[in-house]
Amino acid sequence: MDITQIEPQSVWKNFAALNAVPRPSKKEERVIEFMKNFGEKLGLETTVDEVGNVIIKKPATAGMEDRKTVVLQSHLDMVHQKNSDVNFDFNSQGIEMEVDGDWLKAKGTTLGADNGLGVAAIMAVLESRDIPHPALEALFTIDEETGMTGAMGLKPGTLQGEILLNLDTEEDDEIDIGCAGGIDVTASQTYNLEEAKGQIVKIEIKGLQGGHSGMDIHKGFGNANVILGRLLYTGIANENIQLISVDGGGLRNAIPREAMAILSVRNSVEFIEQATELKEAILEEFASVEKDLQINIENFSSNEKAISQEDSRRIILALKSAHNGVYRMSPDVADLVETSNNVARVELKNGELKILNLSRSSVESSKYAVAEQLKSVFELAAMEVEFSGSYPGWKPKPGSDIVKLMENIYERDFGSKPHVVACHAGLECGIIGANYPKMEMVSFGPTIRGAHSPDERANIPSAQKFWSFLKEILKETPKK
């Protein structure tokens, strides 16, 4: 099916055009130019700020001049993940999409609905001639997925809007009024290489669901790096393990789906027997949530050098000890994860080690508590640890006028009450709000599943609901 023929056509048309443009985080030059050209062709005031954010302004429609100016905000970049058996170059290819019943998905890659559907909806409003709306400032930020540098680089005074609608959440019955902050924790070390003294074994983990390291962190999904650490730990007492290489996970904000290690052991028969016993237990643990999990443990051949047994032991103990998953649930908001960590990426190659983590929390002190716990573990393992990319959370304001308006519209139009929530994802509202403290902010969006993984898919009827909701909010924006 041609997705440009799906309703609302104006949204899907723009989504298809956007998805034809490669837009990895930190490499947004092409999509910035695409969006700049879009605004200019409409004859609208269009600027690109110092960091690459695109701002397009549209005057109010007739009769709406006395309403509060609204900022419509979404991010241009997308997470690039693919299945290991898919041949796809994110730097040169557009996303290949297909319709599956009520869902739109990509062919073995992330779809880019996060946050491409938000971008496409804003584009549809900007080019519309029959949607009533107040004065608009469309803010398209860059690099949301790997550092939020676009939001961080947005200067005070750039925007004049009094209300910000962030179109970047993934449940169509939720009105989001708060989010978690985050911090990157990176452990690294360089080790001397030596000849591998034992028999070579390869461990491979694949088929996990993966998912968003914030929104999905509490769902009990498997983390490939954590599972790998458990399997390696079975042998450190007796098998004289020397690690040769490790390649696990990918981006900080994606739960790792795959991991692989090549190692030397004293006796491969004994090690494989021990590890296989644990493998069966792990498969049983995850049977209900990870139906496609595969763990392969086998003899292997490699001439590469290894690191020492003692250095290998330190790495394995660190992987076994580093906190992963929920660290604390919120005592104030029911069912909200307050603090968590994702052991996102483990890479050992030619003696160079890096372990990448993303710690999240809606409470700043708790964010640093889990980050400092990780730092302590990695430093005990004689690694260097760096904190970077820290960004604040967004404190909820449930009584604001825009939240009340949206609750009333939702209940009137859809016949039920929306869920007014805070989320454990990192939204740009907290960062933007630091420079615009008087701006009322709300986040909402269509239903998306599997964000940050190749299973990402967008619900088509939900996108229709989201589009209707957005238009009504603009039509009923409060007066100044």
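Are helix 2 and helix 3 roughly parallel or roughly perpendicular to each other? Let's find out on a short walk through this predicted model.

**Stop 1: helix 2 and helix 3**

Select residues 29-41 for helix 2 and 113-127 for helix 3. Their axes lie 11 Å apart, and the helices pack at an angle of about 20°. Because angles under 35 degrees count as roughly parallel, helix 2 and helix 3 are roughly parallel to each other. Their crossing is left-handed. Now show side chains: helix 2 brings Phe34, Met35 and Phe38 to the contact, while helix 3 brings Val119, Met123, Leu126 and Glu127. Sorted by class, this contact has six nonpolar residues, one charged residue and no polar ones.

**Stop 2: helix 1**

Next, select residues 9-19, which form helix 1. Color Val11, Trp12, Asn14, Phe15, Ala16, Leu18 and Asn19, and you have picked out buried residues of this helix. What covers them?

**Stop 3: lysine 367**

Finally, jump to helix 8, residues 364-380, and click on lysine 367. Is lysine 367 buried or exposed? Its relative accessibility is 0%, so lysine 367 counts as buried. Follow its side chain to the side chain of glutamate 364, where there is a polar contact of 3.2 Å. A polar atom of the lysine 367 side chain also lies 3.1 Å from the backbone oxygen of tyrosine 391. To see what else lysine 367 touches, show residues including Gly181, Gly182, Ile183, Thr339 and Ser390.

Key:
Residues are numbered from 1 along each chain as its sequence is written. This is a predicted model: local features need pLDDT of at least 70, side-chain atom pairs count only at pLDDT 80 or more; totals for chains, interfaces and linings use all residues. Side-chain values use heavy atoms; hydrogens and water are left out. Buried means under 20% relative accessible area, exposed over 50%, partly exposed in between (1.4 Å probe, protein chains only). Helices (H or I, at least four residues) and strands (E, at least two) are DSSP runs, numbered from the N terminus. Contact means heavy atoms within 4.5 Å. A polar contact is a pair of N or O atoms within 3.5 Å; within protein, one must be able to donate a hydrogen and the other to accept it, and residues adjacent in sequence count only if both atoms are side-chain atoms. Axes are lines fitted to C-alpha atoms, for helices over the stretch in contact, and angles run from 0 to 180 degrees between N-to-C directions. Angles under 35 degrees count as roughly parallel, over 145 as roughly antiparallel, 65 to 115 as roughly perpendicular and the rest as oblique. A crossing is left-handed if the near helix is turned anticlockwise from the far one by less than a right angle, and right-handed if clockwise. Ala, Val, Leu, Ile, Met, Phe, Trp, Tyr, Cys and Pro count as nonpolar, Asp, Glu, Lys and Arg as charged, and the others, Gly among them, as polar. Lists of a residue's contacts leave out its neighbours within four places in sequence.
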